[in-house]
Amino acid sequence: MPKSPQMSRREFVGIVTAAVGSVMGALVGIPTIGYLIAPSLSKEAADAWIPAGPVESYPVGVPTLFNFNRTKVNGWEKTVNSYGVYILRNEDGTILALSNICTHLSCRVNWKTEENAYICPCHDAYFAIDGQIVSGPQPRPLNEYETKVEEDSLFIHYLGS
Amino acid sequence: MFQKTFTWLDERLGLKTIYATVLDRKVPKVNWWFTLGSASLFLFLLQGFTGIMLTVYYVPSPDHAYDSIQYIMTGVSYGWLIRGIHHWGSSLMVLIVFFHMLRTYFFGAYKYPREFTWVTGVFLLILTLGMGFTGYLLPWNQRAYWATTVATSIAGTVPFIGNFINEVLRGGMDLSAVTLARFFSVHIWWFPAIIAALIGVHLYMVIRLGISSVPKEDD
(Lines give C-alpha, C1' and ligand atoms only; values in the text may rest on other atoms or scores of the structure.)
Protein backbone atom coordinates (compact mmCIF):
# COMPACT_ATOMS: atom_id res chain seq x y z
CA MET A 1 0.00 0.00 0.00
CA PRO A 2 1.46 3.43 -0.91
CA LYS A 3 2.05 5.68 2.00
CA SER A 4 -0.85 8.06 2.31
CA PRO A 5 -0.16 11.72 3.11
CA GLN A 6 -2.88 11.53 5.76
CA MET A 7 -2.43 10.09 9.18
CA SER A 8 -3.10 6.37 9.24
CA ARG A 9 -5.94 4.98 11.32
CA ARG A 10 -3.39 3.20 13.49
CA GLU A 11 -1.44 6.40 14.19
CA PHE A 12 -4.65 8.27 14.97
CA VAL A 13 -5.85 5.64 17.44
CA GLY A 14 -2.40 5.59 19.06
CA ILE A 15 -2.39 9.36 19.56
CA VAL A 16 -5.96 9.44 20.87
CA THR A 17 -5.20 6.60 23.30
CA ALA A 18 -2.08 8.35 24.58
CA ALA A 19 -3.91 11.69 24.94
CA VAL A 20 -6.96 10.27 26.71
CA GLY A 21 -4.70 8.13 28.91
CA SER A 22 -2.59 11.13 29.89
CA VAL A 23 -5.66 13.21 30.76
CA MET A 24 -7.14 10.43 32.87
CA GLY A 25 -3.80 9.72 34.51
CA ALA A 26 -3.41 13.39 35.40
CA LEU A 27 -7.00 13.68 36.66
CA VAL A 28 -6.46 10.82 39.10
CA GLY A 29 -2.72 11.13 39.69
CA ILE A 30 -2.33 14.80 40.57
CA PRO A 31 -5.14 14.87 43.19
CA THR A 32 -3.63 11.70 44.64
CA ILE A 33 -0.45 13.58 45.52
CA GLY A 34 -2.50 16.13 47.44
CA TYR A 35 -4.46 13.30 49.06
CA LEU A 36 -1.29 11.66 50.34
CA ILE A 37 0.44 14.74 51.70
CA ALA A 38 -2.68 16.56 53.02
CA PRO A 39 -2.25 15.71 56.74
CA SER A 40 1.24 17.19 56.78
CA LEU A 41 -0.02 20.45 55.27
CA SER A 42 -2.94 21.19 57.58
CA LYS A 43 -1.64 23.25 60.46
CA GLU A 44 -4.39 24.21 62.87
CA ALA A 45 -3.81 27.37 64.82
CA ALA A 46 -3.91 25.94 68.32
CA ASP A 47 -2.15 28.52 70.46
CA ALA A 48 -3.74 29.30 73.81
CA TRP A 49 -3.03 30.92 77.14
CA ILE A 50 -3.04 28.13 79.70
CA PRO A 51 -4.00 29.19 83.27
CA ALA A 52 -1.37 27.97 85.70
CA GLY A 53 -2.92 29.11 88.95
CA PRO A 54 -1.96 31.91 91.38
CA VAL A 55 1.59 33.18 91.10
CA GLU A 56 1.91 32.90 94.88
CA SER A 57 1.69 29.12 94.72
CA TYR A 58 5.11 28.90 93.06
CA PRO A 59 8.06 29.12 95.47
CA VAL A 60 10.73 31.72 94.75
CA GLY A 61 14.00 30.35 93.42
CA VAL A 62 12.97 26.70 93.01
CA PRO A 63 11.72 25.38 89.64
CA THR A 64 8.30 23.79 90.14
CA LEU A 65 6.68 21.45 87.66
CA PHE A 66 3.27 22.41 86.28
CA ASN A 67 1.42 19.91 84.06
CA PHE A 68 -1.39 20.59 81.63
CA ASN A 69 -3.20 18.57 78.94
CA ARG A 70 -4.19 19.60 75.45
CA THR A 71 -6.60 17.69 73.23
CA LYS A 72 -5.69 17.51 69.58
CA VAL A 73 -7.63 16.02 66.69
CA ASN A 74 -5.41 13.84 64.53
CA GLY A 75 -7.38 12.50 61.58
CA TRP A 76 -10.22 10.42 62.99
CA GLU A 77 -9.01 10.41 66.55
CA LYS A 78 -8.65 12.78 69.48
CA THR A 79 -5.31 12.57 71.22
CA VAL A 80 -4.71 14.01 74.67
CA ASN A 81 -1.12 15.18 75.03
CA SER A 82 0.38 15.99 78.38
CA TYR A 83 2.85 18.85 78.73
CA GLY A 84 5.15 19.70 81.61
CA VAL A 85 6.46 23.19 82.36
CA TYR A 86 9.02 24.09 85.00
CA ILE A 87 8.04 27.45 86.48
CA LEU A 88 10.70 29.48 88.23
CA ARG A 89 9.88 32.65 90.14
CA ASN A 90 12.91 34.86 90.49
CA GLU A 91 13.47 37.19 93.41
CA ASP A 92 13.08 40.23 91.16
CA GLY A 93 9.52 39.10 90.31
CA THR A 94 10.23 37.83 86.80
CA ILE A 95 8.98 34.39 85.87
CA LEU A 96 10.74 31.82 83.71
CA ALA A 97 8.71 28.95 82.24
CA LEU A 98 10.75 26.14 80.65
CA SER A 99 9.45 23.16 78.74
CA ASN A 100 10.54 19.86 80.31
CA ILE A 101 11.06 18.34 76.86
CA CYS A 102 14.75 17.68 76.33
CA THR A 103 16.05 19.33 73.18
CA HIS A 104 18.15 16.26 72.42
CA LEU A 105 15.59 13.50 71.69
CA SER A 106 12.42 14.64 73.49
CA CYS A 107 12.70 12.70 76.76
CA ARG A 108 11.45 14.62 79.84
CA VAL A 109 13.99 16.39 82.02
CA ASN A 110 13.75 16.55 85.84
CA TRP A 111 14.89 19.33 88.18
CA LYS A 112 17.41 18.00 90.72
CA THR A 113 18.01 20.50 93.52
CA GLU A 114 21.07 18.63 94.82
CA GLU A 115 22.71 18.84 91.38
CA ASN A 116 21.31 22.34 90.75
CA ALA A 117 20.42 21.23 87.21
CA TYR A 118 17.73 19.84 84.97
CA ILE A 119 18.83 16.30 84.11
CA CYS A 120 17.57 14.21 81.24
CA PRO A 121 17.47 10.52 82.26
CA CYS A 122 17.90 9.25 78.70
CA HIS A 123 21.36 10.51 77.69
CA ASP A 124 22.58 12.55 80.65
CA ALA A 125 21.90 16.01 79.32
CA TYR A 126 22.43 18.68 81.99
CA PHE A 127 20.72 22.08 81.80
CA ALA A 128 21.28 25.01 84.15
CA ILE A 129 18.43 26.57 86.16
CA ASP A 130 17.88 29.11 83.35
CA GLY A 131 17.71 26.31 80.75
CA GLN A 132 21.17 26.86 79.29
CA ILE A 133 23.34 23.90 78.32
CA VAL A 134 25.74 22.65 81.00
CA SER A 135 26.87 19.40 79.47
CA GLY A 136 25.61 16.53 77.36
CA PRO A 137 24.51 15.85 73.78
CA GLN A 138 21.69 18.43 73.56
CA PRO A 139 21.94 20.93 70.67
CA ARG A 140 19.89 23.78 72.23
CA PRO A 141 18.89 25.19 75.62
CA LEU A 142 15.45 24.18 76.95
CA ASN A 143 12.53 25.79 75.16
CA GLU A 144 10.96 28.72 76.92
CA TYR A 145 7.24 29.51 77.21
CA GLU A 146 5.99 33.07 77.12
CA THR A 147 4.19 33.97 80.36
CA LYS A 148 1.88 36.70 81.62
CA VAL A 149 0.33 37.55 84.98
CA GLU A 150 -3.22 38.81 85.18
CA GLU A 151 -4.78 39.59 88.57
CA ASP A 152 -2.11 37.52 90.33
CA SER A 153 -2.79 34.51 88.12
CA LEU A 154 -0.09 33.05 85.91
CA PHE A 155 -0.73 32.16 82.26
CA ILE A 156 1.51 30.20 79.90
CA HIS A 157 1.45 30.74 76.17
CA TYR A 158 1.04 27.33 74.51
CA LEU A 159 1.86 27.55 70.80
CA GLY A 160 0.31 24.32 69.54
CA SER A 161 2.92 21.63 69.76
CA MET B 1 20.63 7.65 23.29
CA PHE B 2 17.02 6.63 23.91
CA GLN B 3 17.21 4.27 20.93
CA LYS B 4 20.36 2.67 22.32
CA THR B 5 18.84 2.22 25.80
CA PHE B 6 15.74 0.73 24.27
CA THR B 7 17.72 -1.69 22.09
CA TRP B 8 19.77 -2.76 25.11
CA LEU B 9 16.62 -3.41 27.15
CA ASP B 10 14.77 -5.05 24.24
CA GLU B 11 17.62 -7.47 23.67
CA ARG B 12 17.27 -8.67 27.26
CA LEU B 13 13.53 -8.33 27.89
CA GLY B 14 12.06 -8.95 24.43
CA LEU B 15 9.88 -5.83 24.67
CA LYS B 16 9.10 -5.78 20.94
CA THR B 17 8.00 -9.41 21.05
CA ILE B 18 5.74 -8.70 24.02
CA TYR B 19 4.24 -5.71 22.22
CA ALA B 20 3.71 -7.69 19.01
CA THR B 21 2.17 -10.66 20.85
CA VAL B 22 -0.05 -8.73 23.22
CA LEU B 23 -1.12 -5.64 21.30
CA ASP B 24 -0.29 -6.26 17.62
CA ARG B 25 -1.99 -9.64 17.35
CA LYS B 26 -4.35 -10.28 14.45
CA VAL B 27 -7.99 -9.67 15.25
CA PRO B 28 -11.10 -10.13 13.10
CA LYS B 29 -13.19 -7.12 12.18
CA VAL B 30 -15.18 -6.52 15.32
CA ASN B 31 -17.33 -3.78 16.88
CA TRP B 32 -17.53 -1.68 20.04
CA TRP B 33 -19.01 -4.52 22.07
CA PHE B 34 -15.56 -6.12 21.96
CA THR B 35 -14.07 -3.30 24.05
CA LEU B 36 -15.90 -4.38 27.22
CA GLY B 37 -13.12 -6.76 28.28
CA SER B 38 -10.50 -4.00 28.11
CA ALA B 39 -12.93 -1.71 29.94
CA SER B 40 -13.30 -4.32 32.69
CA LEU B 41 -9.52 -4.61 32.99
CA PHE B 42 -9.15 -0.83 33.14
CA LEU B 43 -11.79 -0.60 35.87
CA PHE B 44 -10.07 -3.36 37.85
CA LEU B 45 -6.80 -1.42 37.73
CA LEU B 46 -8.57 1.84 38.64
CA GLN B 47 -10.34 0.16 41.59
CA GLY B 48 -7.02 -1.33 42.65
CA PHE B 49 -5.30 2.04 42.58
CA THR B 50 -8.02 4.00 44.37
CA GLY B 51 -8.49 1.12 46.82
CA ILE B 52 -4.81 1.16 47.76
CA MET B 53 -5.10 4.91 48.24
CA LEU B 54 -8.12 4.48 50.55
CA THR B 55 -6.22 2.08 52.81
CA VAL B 56 -3.85 4.95 53.62
CA TYR B 57 -6.54 6.44 55.90
CA TYR B 58 -9.24 3.79 56.33
CA VAL B 59 -9.28 1.79 59.57
CA PRO B 60 -11.20 -1.53 59.60
CA SER B 61 -12.37 -1.33 63.18
CA PRO B 62 -15.92 -0.59 64.43
CA ASP B 63 -14.81 2.34 66.56
CA HIS B 64 -12.90 4.06 63.76
CA ALA B 65 -14.19 2.83 60.37
CA TYR B 66 -16.97 5.41 60.08
CA ASP B 67 -14.86 8.27 61.46
CA SER B 68 -11.91 7.45 59.24
CA ILE B 69 -14.17 7.64 56.18
CA GLN B 70 -15.59 10.95 57.40
CA TYR B 71 -11.98 12.10 57.62
CA ILE B 72 -11.31 10.91 54.06
CA MET B 73 -14.40 12.75 52.81
CA THR B 74 -13.89 16.05 54.64
CA GLY B 75 -10.41 16.19 56.14
CA VAL B 76 -8.11 15.10 53.32
CA SER B 77 -7.59 16.91 50.01
CA TYR B 78 -9.40 15.11 47.18
CA GLY B 79 -10.47 12.30 49.52
CA TRP B 80 -13.99 12.73 48.14
CA LEU B 81 -12.58 12.19 44.64
CA ILE B 82 -10.58 9.06 45.45
CA ARG B 83 -13.48 7.51 47.40
CA GLY B 84 -15.99 8.72 44.80
CA ILE B 85 -14.09 6.98 42.01
CA HIS B 86 -13.87 3.79 44.08
CA HIS B 87 -17.58 3.95 45.00
CA TRP B 88 -18.95 4.63 41.52
CA GLY B 89 -16.26 2.56 39.85
CA SER B 90 -17.45 -0.51 41.75
CA SER B 91 -20.99 -0.20 40.40
CA LEU B 92 -19.69 0.51 36.92
CA MET B 93 -17.36 -2.49 37.08
CA VAL B 94 -20.19 -4.87 37.96
CA LEU B 95 -22.19 -3.41 35.06
CA ILE B 96 -19.36 -3.60 32.53
CA VAL B 97 -18.28 -7.12 33.55
CA PHE B 98 -21.91 -8.21 33.23
CA PHE B 99 -22.25 -6.67 29.76
CA HIS B 100 -18.95 -8.34 28.82
CA MET B 101 -20.51 -11.67 29.78
CA LEU B 102 -23.69 -10.91 27.80
CA ARG B 103 -21.64 -10.08 24.69
CA THR B 104 -19.68 -13.31 25.02
CA TYR B 105 -22.91 -15.25 25.45
CA PHE B 106 -24.91 -13.70 22.62
CA PHE B 107 -21.99 -13.76 20.15
CA GLY B 108 -21.34 -17.41 21.01
CA ALA B 109 -17.73 -16.57 21.89
CA TYR B 110 -17.70 -19.17 24.68
CA LYS B 111 -17.67 -22.07 22.17
CA TYR B 112 -14.73 -24.30 21.19
CA PRO B 113 -11.84 -23.67 21.75
CA ARG B 114 -12.68 -20.91 24.27
CA GLU B 115 -14.74 -22.85 26.85
CA PHE B 116 -12.08 -22.50 29.51
CA THR B 117 -11.84 -18.74 28.94
CA TRP B 118 -15.58 -18.63 29.67
CA VAL B 119 -15.13 -20.70 32.85
CA THR B 120 -12.46 -18.35 34.22
CA GLY B 121 -14.77 -15.48 33.24
CA VAL B 122 -17.59 -16.97 35.32
CA PHE B 123 -15.30 -17.04 38.35
CA LEU B 124 -14.19 -13.48 37.61
CA LEU B 125 -17.83 -12.35 37.53
CA ILE B 126 -18.58 -14.07 40.85
CA LEU B 127 -15.45 -12.56 42.41
CA THR B 128 -16.41 -9.11 41.13
CA LEU B 129 -19.78 -9.47 42.85
CA GLY B 130 -17.91 -10.71 45.95
CA MET B 131 -15.82 -7.55 45.90
CA GLY B 132 -19.02 -5.50 45.82
CA PHE B 133 -20.46 -7.55 48.69
CA THR B 134 -17.40 -7.29 50.96
CA GLY B 135 -16.73 -3.65 50.12
CA TYR B 136 -20.30 -2.67 50.98
CA LEU B 137 -19.76 -3.39 54.70
CA LEU B 138 -16.57 -1.36 55.07
CA PRO B 139 -18.15 2.14 55.52
CA TRP B 140 -19.76 0.69 58.68
CA ASN B 141 -22.82 2.91 58.47
CA GLN B 142 -26.42 1.81 59.02
CA ARG B 143 -26.91 0.78 55.42
CA ALA B 144 -23.70 -1.27 55.38
CA TYR B 145 -24.48 -2.94 58.68
CA TRP B 146 -28.04 -3.96 57.81
CA ALA B 147 -27.28 -4.90 54.21
CA THR B 148 -24.64 -7.32 55.46
CA THR B 149 -26.97 -8.58 58.21
CA VAL B 150 -29.57 -9.37 55.55
CA ALA B 151 -27.11 -10.85 53.04
CA THR B 152 -25.40 -13.13 55.55
CA SER B 153 -28.85 -14.18 56.80
CA ILE B 154 -29.77 -15.08 53.23
CA ALA B 155 -26.65 -17.27 53.09
CA GLY B 156 -27.96 -18.78 56.33
CA THR B 157 -31.08 -20.12 54.61
CA VAL B 158 -29.08 -22.81 52.78
CA PRO B 159 -30.47 -26.20 53.91
CA PHE B 160 -28.52 -28.02 56.64
CA ILE B 161 -25.25 -26.05 56.44
CA GLY B 162 -26.79 -22.56 56.23
CA ASN B 163 -26.14 -21.69 59.85
CA PHE B 164 -22.54 -22.79 59.50
CA ILE B 165 -22.02 -20.65 56.37
CA ASN B 166 -23.59 -17.68 58.12
CA GLU B 167 -21.26 -18.01 61.08
CA VAL B 168 -18.19 -18.46 58.90
CA LEU B 169 -19.10 -15.31 56.94
CA ARG B 170 -19.70 -13.31 60.14
CA GLY B 171 -16.90 -14.90 62.12
CA GLY B 172 -19.32 -15.79 64.90
CA MET B 173 -23.00 -15.49 65.74
CA ASP B 174 -23.19 -11.72 65.40
CA LEU B 175 -22.11 -9.13 62.92
CA SER B 176 -19.15 -7.71 64.81
CA ALA B 177 -15.64 -6.32 64.70
CA VAL B 178 -14.56 -9.79 63.56
CA THR B 179 -16.92 -9.56 60.56
CA LEU B 180 -15.57 -6.14 59.58
CA ALA B 181 -11.95 -7.30 59.83
CA ARG B 182 -12.48 -10.46 57.75
CA PHE B 183 -14.53 -8.61 55.11
CA PHE B 184 -11.71 -6.08 54.89
CA SER B 185 -9.13 -8.85 54.55
CA VAL B 186 -11.11 -10.59 51.83
CA HIS B 187 -11.80 -7.27 50.09
CA ILE B 188 -8.21 -6.02 49.92
CA TRP B 189 -6.13 -9.24 49.86
CA TRP B 190 -7.88 -12.50 49.03
CA PHE B 191 -10.22 -11.47 46.23
CA PRO B 192 -7.92 -8.97 44.48
CA ALA B 193 -5.10 -11.53 44.47
CA ILE B 194 -7.33 -14.26 43.05
CA ILE B 195 -8.88 -11.87 40.52
CA ALA B 196 -5.44 -10.71 39.35
CA ALA B 197 -4.30 -14.30 38.91
CA LEU B 198 -7.46 -15.27 37.04
CA ILE B 199 -7.20 -12.20 34.79
CA GLY B 200 -3.71 -13.46 33.94
CA VAL B 201 -5.09 -16.85 32.92
CA HIS B 202 -8.03 -15.22 31.11
CA LEU B 203 -5.76 -12.89 29.11
CA TYR B 204 -3.25 -15.65 28.37
CA MET B 205 -6.02 -17.61 26.69
CA VAL B 206 -7.36 -14.56 24.85
CA ILE B 207 -3.88 -13.97 23.43
CA ARG B 208 -3.19 -17.65 22.76
CA LEU B 209 -6.51 -18.45 21.07
CA GLY B 210 -7.32 -15.06 19.57
CA ILE B 211 -10.79 -13.56 19.78
CA SER B 212 -13.84 -14.84 17.95
CA SER B 213 -15.40 -12.84 15.16
CA VAL B 214 -18.92 -11.43 15.05
CA PRO B 215 -21.25 -14.31 14.10
CA LYS B 216 -22.49 -14.31 10.47
CA GLU B 217 -26.05 -14.99 9.36
CA ASP B 218 -25.33 -18.66 8.57
CA ASP B 219 -23.40 -19.36 11.78
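## Architecture of chain B

From the N terminus on, the elements of chain B run α-α-α-α-α-α-α-α-α. Chain B thus holds 9 helices and 0 strands, where helices (H or I, at least four residues) and strands (E, at least two) are DSSP runs numbered from the N terminus. The model is predicted: local features need pLDDT of at least 70, side-chain atom pairs count only at pLDDT 80 or more, and totals for chains, interfaces and linings use all residues. Residues are numbered from 1 along each chain as its sequence is written, while chains are lettered from A and ligands numbered from 1 in the order in which they are written.

The C-alpha trace of chain B spans about 55 × 55 × 30 Å along its principal axes. Of the 219 residues in chain B, 23% are buried (20 or more other C-beta atoms within 10 Å of the residue's own, with C-beta atoms placed from the backbone). Among contacts in chain B between residues at least 6 apart in sequence, 71% join residues at least 24 apart; two residues are in contact if their C-beta atoms, placed from the backbone, lie within 7 Å.

## Nonpolar cores

The largest nonpolar core has 20 residues; such a core is a set of buried Ala, Val, Leu, Ile, Met, Phe, Trp, Tyr and Cys residues joined through C-beta atoms within 7 Å. The residues with the most contacts inside this core are Leu54(B), Tyr57(B), Tyr58(B), Ile72(B), Ile82(B) and Leu180(B). At least two core residues come from each of helix 3 (36–54), helix 4 (65–74), helix 5 (79–106) and helix 9 of chain B.

Beyond its neighbours within four places in sequence, Leu54(B) is in contact with Ile72(B), Ile82(B), Arg83(B) and His86(B). Another core, of 18 residues, lies apart from the largest one and includes Val85(A), Cys102(A), Val109(A) and Tyr118(A).

## Packing of helices 6 and 9 in chain B

Helix 6 (residues 115–137) and helix 9 (residues 177–209) of chain B pack at an angle of about 160°, with their axes 9 Å apart. Axes are lines fitted to C-alpha atoms, for helices over the stretch in contact, and angles run from 0 to 180 degrees between N-to-C directions. Helix 6 of chain B is therefore roughly antiparallel to helix 9 of chain B (an angle over 145 degrees). The residues of their contact divide into 17 nonpolar, 8 polar and no charged; Ala, Val, Leu, Ile, Met, Phe, Trp, Tyr, Cys and Pro count as nonpolar, Asp, Glu, Lys and Arg as charged, and the others, Gly among them, as polar.

## Contact between chains A and B

The contact takes 11 residues from chain A and 17 residues from chain B. On the chain A side, helix 1 (residues 9–41) of chain A gives the largest share, 8 residues. The chain A side comprises 7 nonpolar, 3 polar and 1 charged.

Technical notes: Parallel < 35°, antiparallel > 145°, perpendicular 65-115°, else oblique. Buried ≥ 20, exposed ≤ 12 C-beta atoms within 10 Å, placed from the backbone.
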